[in-house]
Every structure is written in C-alpha cells, then in structure tokens.
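Hi everyone, thanks for coming.

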Amino acid sequence: MSEQIYDIIIAGAGPAGLVLASRLAAAASALRILVIESGPPTRNDPLHTQPARYAHHLRPGSTTVHFHAARPSEALGGRAPVVPCGRCVGGGSSVNFAVYTRAAASDYDDWKNVHGNRGWGSRDLLPLLRKCETYEIAPDQPTHGYSGPLKVSYGGLFTEVGREFLEVARVYDTTRGETEDVNGLFECNKYGVRGKSTWIDSRTGKRSDVPHHYIYNRDLPNLHILSGHHVKRVLFTNGRASGVEYVPNTRFHPSAGNSNSEPLVAHARRLVVLSAGALGTPAILERSGIGARHVLAGVGITEPVVELPGVGENYQDHQVVFAYYKAAPEAHTLDGIARGDEAEIKKWSEHWHRDGSGLLAQNGQDAGIKLRPNTHDLDVIGESFRKRWLSYYAPAPDKPVLWFGVVALYLGDRAKLAQPADDLKAYAVGWFLTHPASTGRTHITSATDVDAPLDLHPGFLDSPEDMALHKWGYKLSREYARRMPSYRGEVLGTGIHPSFAPSSLLATRERDGPVPVDEPEFVYSEEDERALEEWIKANVSTAWHSLGTCAMKAREKGGVVDERLNVYGVEGLKIADLSICPANVGANTYSTAIVVGEKAAMIVAEDLGIALQEEVDDARVRARL
Ligand SMILES: Cc1cc2nc3c(=O)[nH]c(=O)nc-3n(C[C@H](O)[C@H](O)[C@H](O)COP(=O)(O)OP(=O)(O)OC[C@H]3O[C@@H](n4cnc5c(N)ncnc54)[C@H](O)[C@@H]3O)c2cc1C
C-alpha cells in the first residue's frame, strides 16, 4: 500500500474544490495540497476550451461526464430520469453550457436568515461574486467585478433566434420592460437589452472554466492534482479526519483491476475537504460511516462514525423542459457543431483561433428572462401554485419563478426525430423552475464499491405546483416561438411536443413561417391540458444543477455542515461544493459553486492563519471597456 502525506486533501476537482485549492496554494507556498479527481485532465483540450462543444460531453460513452441513473419515479409515470454530472478536472465548469446567471440576493439572504448561516448573506458574498469575475460587458456596474480570473461576455456571435426572441418580447410582452443587467442580484422580471451573458472570454473565445483560469495558468508547485482516481472514504484518527482512501478509476487505469482493489492512502496533517459535488460528496460521507443510521445499516455499516440523517437528503435541481422548433435554414444554430460536423467545426475554428469570435465562442443561449408571473399569469398557472406564490415568492420580488429563454440547437434525442436530417436547424424555447417545491435524495448502495450506482430519487414533479409552472412554461414557449421570424414550425417526431389531438389547433404541423405578433393566443381544452401534462411527465429532466445534499444548517434540522463548513461530529473535515446549499438559488449554479469555493478559501485561510492574495486589475480589459 502506497502512502503519502499532505497538509490538505481535497476530494474532487470541480469548480468549488479547485477555487479553494488555487487560493490556498497561492497564499501559502509551504502548504502541501493534494486534489484527487475521478475524471481525466482537461488542459488545452478544445473540447473543453471551445464553449460550443458542450454537447459532445453529453454523448453516450462520454469520459468527462458521469450519468447517474435515478430510480423509476411515480410522478414521472414510471420513468427513471438520468442526472449527468461533470467528471473531469474542472467538474461541471469544464463541460457546462457556460450560461452566466447569478442568484437573487434574497436566495443568499435566506441561507443566512432562514437557515441561520452567519457570513452567507448576499452582502457577505457580493465581494466574492466580484472577486471571481472580469465583467467584460459594461464598465462600472455596481455588483460586478473587473479583475477576477473568469471572463464574462456576450460570446462571439449574437444568434438570430436570440435577437428575435427579444424583438418578440418587446411587442408581445409590454409589461416587463428591459434592463441593462439581468444579473445585478437585486431585481428580476426584465428582459436584458442585449440578451444573456456567458462565461466566455471575449478576446480569446475560450470557456471561463476554473482549471484554465485558477490552476493551469498559475505556478503552484505545492499543489498536486491526481486525476483518474476515486476517493473511496475518509479515514479518522480519534475523531479527526486524518486522510483518505482512494482507488484508480478503472476507465483510465484498466490495468488496475477493479475498483474494489486494495485502496491507496493519502494522509492529511491539517484538513480533508470534500468537493465531489452534490452527488459525489454525500456518497463519500456515507462510505466513511457518516449518514443516517438506516442508510448505513442498509449497506452493512452497523457502527456509524457520526449519525447525520441529513446526508444525501434535501436534493434539489431546477427541472428543465425544452420545446423544439425548426429554424430557418439561414439561421445560425449550434446543431452542426453538436452533431460533430467536421466541416462546420473547421469553419468556425478559423474564426475562434483568429480573434475568439464566431459560433464556437457561443453557447446558443443568448436571450432569456428570469420570469415572475403577473396577476393574469397567476390565473393561467392556477390554484395549485397560489399558496407557494403567496408564502415564498410574493415577499421576495427579486426571486424569479422560471428561467425562460431560447437555445439555438436541438439538444434532444435524435432517435425521436421524424426526419433525422443532418441539415436540421432548430431552437428551443425552454424553461426551468428556479425554486421547485419538489425535493429528492441520494444514497449509496454499496459501502465499498465506488462504481456502484446511487440510489437516487431527484423528486422531479413530486409536488403538484411544479407541474402547474411547467404547463405555463410550455404555453409561453409556443407563443414566443411561433412569432419569431426564424420559426418554421415545431420539430416533428415522437414525443417532441405533446400528443395533442389532430383536431386541436395546438397539434404540430409543417409550417413555412411565423404568425403575426398580434395573433390570438392558443386556448387549451381540457384534453389539450391532459396531453400537456403527460408530455411534461415524459420530458422534464435535470437542469444539471444538483445541490443541497449536505445542507449547511443546524444539525437538529437535518444539517450536515455548520456555517464554517465543518461536518458535524468530527474534526478536520469540511465540505466545499454545491451540496452545502441549504436552499435553492434562482439561477444556473456555476456562479454559486465558484462563490462557495471562494468562501471556503476564506474560511480555511482564517482557520490556518494565512492571508489570501487579492486579484490584480487586468489593465488590458479595463482599456477595452
Ligand atoms: C452538463 C452541464 C451543464 C451545465 N450548464 C451550466 C451552465 O450553463 N451555467 C451554470 O451556471 N451552470 C451549469 N451547470 C452547473 C454547474 O456546472 C455546476 O453547478 C457546478 O459545476 C457544481 O460545482 P461543484 O464544485 O459543486 O461540483 P461538480 O462540478 O459536480 O464537481 C465535482 C467533481 O468531483 C469529482 N468527484 C465526484 N466523486 C468523486 C470521488 N469519489 N473521488 C474523486 N472525485 C470525485 C467529479 O468527477 C467532479 O469533477 C451545468 C452542469 C452540467 C453537468
């Protein structure tokens, strides 16, 4: 058995774990830090650095994403959803869609005031939200940063469907108005004047992932990243985390035998941090004997190290649905790149290499709104949502109810297409629930086998008010999409839209172009409503935003960590990833993962008595703004 000694061991190289590792390694050269990551390295690989290549990572057989199959769900009509998570150096930050959105201030304020975590309110986290970013979009915005490692821009090309979505909104929805900054934290329900921003560098067209901007570009000799290895469990000596057991990932080390082989050991003199994400971290804790007694007993651990019933509970996600429409042949979409069309990739690579522009420097998601219902919308949504609206949303005017917007590609199953043509150009008008009422859980099924599937129930649609919001989302989607000049009818195929009766006006048909913006809205019969519900059950899926499974709240309320990220009941063990979120955030989750990493770095630095370095202003960026 090989043994190694470090000061700090971090399990998982996702964005939160790597931000933490980078900040600490830069601040104290004497600290020896080891990060152990299940997946492969990502350095200078265009599949990671070119933002538009994200669909590649979601293909079957992907080596950079792990597909967690959940158990069949009654609320989904017996369907078993799949939750993919990034599994590579950078975690989700290296494979995600690079959509830049930020939570509502009140989301973080809830973490502080409702869940009792001092230091985690919006005013506490704002300096960290600024510290991580360089906002290339506009100068002097009060909540944005201008010297952080991660660049934020509009990307390399404004798609037709993005522009058209906003043009339709200006005429079709005159109630909400526009704003310069949809991500300023303190307001929502307005359309961005230029659309949506991205985690993309405007100068190079590169993805703003964490490895290339916090790790690979820095000289950190005291930081070692061991990729291709799974952390199996945490080791304890007299109630203190003293190291980890880990095994080679047989996918990258086939000669290592199986994942049950004799584990390797790394010792931590000062701290072990779990940063394996909302599905990885609770699994490591449970394999280490920390969790609910009945869950641990179920896998043969009869003597828990610490009994913490909250481990793996409180799972949350955003429940996304996409409704697809055919786009005009001349519209720019990411379909060719997503299909791996070499000529298309070569063409756009030339732009990308030349000046960071074009479709490869894009994510196809350049228009949308963080939406709240008005009085009329509340009537459309119906009574099942009213109570949640009054108790949760009405008192917090900065909280959206849906993210609603356009995505310039067909991301669905090609086997469902009526005509799986290679020249299909499509766009979705899709939505996700920003704070679904439904929650779920995840637990291990083996105490020893790191490759054993999880017992995962994400809980999609378990609460009826979530269904009501999805139905509203679809109704809006059809109305926006068919008014856009690039519209050429719905994408036809099996289950791509609800099975409305052929006599219904809503039935999908071949169409040549858009309807006038003042076209009357569709009216849904009871039969249409039923067809829509069945379709939502069949199509709602993860928004790839898992969180909350080791919540930061009081132990007696199911909490797993305290506000200093310490796991209850042991010493020397912290968690730094999205599993700590006590409640959801109304936005895509990358920015929150980075902020958790930045906050964890502050907390650990305070604990160890070291000073973190500040970011130095990038004068070149300032000159360009
Ligand atoms: C396909 C996809 C698209 C997304 N799109 C967007 C988007 O456009 N915008 C946005 O804001 N957010 C997006 N997200 C979400 C965002 O990327 C995640 O919320 C974020 O990455 C979570 O960060 P994390 O640090 O909590 O964990 P993760 O990113 O999940 O990282 C955890 C890491 O730990 C590793 N790990 C797990 N178990 C072990 C183990 N036992 N041993 C060692 N290593 C382990 C994993 O391999 C992984 O690399 C997307 C995510 C995905 C997957």
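Let me begin with a definition: two residues are in contact if their C-beta atoms, placed from the backbone, lie within 7 Å. Take the contacts in the protein chain between residues at least 6 apart in sequence, and 74% of them join residues at least 24 apart.

Some housekeeping. This is a predicted model, where local features need pLDDT of at least 70 and side-chain atom pairs count only at pLDDT 80 or more, while totals for chains, interfaces and linings use all residues. Residues are numbered from 1 along each chain as its sequence is written.

Now the overall build. The protein chain has 16 helices and 24 strands; helices (H or I, at least four residues) and strands (E, at least two) are DSSP runs, numbered from the N terminus. What are the spans of the C-alpha trace along its principal axes? They are about 70 × 55 × 50 Å.

How much of the chain is buried? Buried residues are 55% of the 625. I call a residue buried if 20 or more other C-beta atoms lie within 10 Å of its own, exposed if 12 or fewer, and partly exposed in between, with C-beta atoms placed from the backbone.

On to the ligand. There are 41 residues around it, and G12, G14, G91, G92 and G277 come nearest. Near here means that the C-beta atom, placed from the backbone, lies within 6 Å of the molecule. Elements giving two or more residues to that shell include α1 (15-27), β12 (229-237), α7 (277-287) and α15 (590-608). The shell divides into 20 nonpolar, 18 polar and 3 charged residues.

After α7 comes G289, with a positive phi near 90°.

Finally, the UniProt record, an unreviewed entry. Under "binding site" UniProt lists N96, F97, A98, V99, V231, W544 and H545. These are spread over 450 residues of sequence and also in space, up to 29.5 Å between C-alpha atoms. UniProt positions are given in the numbering used here, feature names are shortened, and annotations may be inferred rather than shown by experiment.

Let's look at two of them. V231 lies in strand β12 and is buried, with 30 other C-beta atoms within 10 Å. Leaving aside neighbours within four places in sequence, V231 has contacts that include A11, I36 and I284. W544 sits in the loop between α14 (526-539) and β24 (573-575). W544 is buried as well, with 22 other C-beta atoms within 10 Å, and beyond four places in sequence W544 touches P84 and N96.

How values were computed. Ala, Val, Leu, Ile, Met, Phe, Trp, Tyr, Cys and Pro count as nonpolar, Asp, Glu, Lys and Arg as charged, and the others, Gly among them, as polar.
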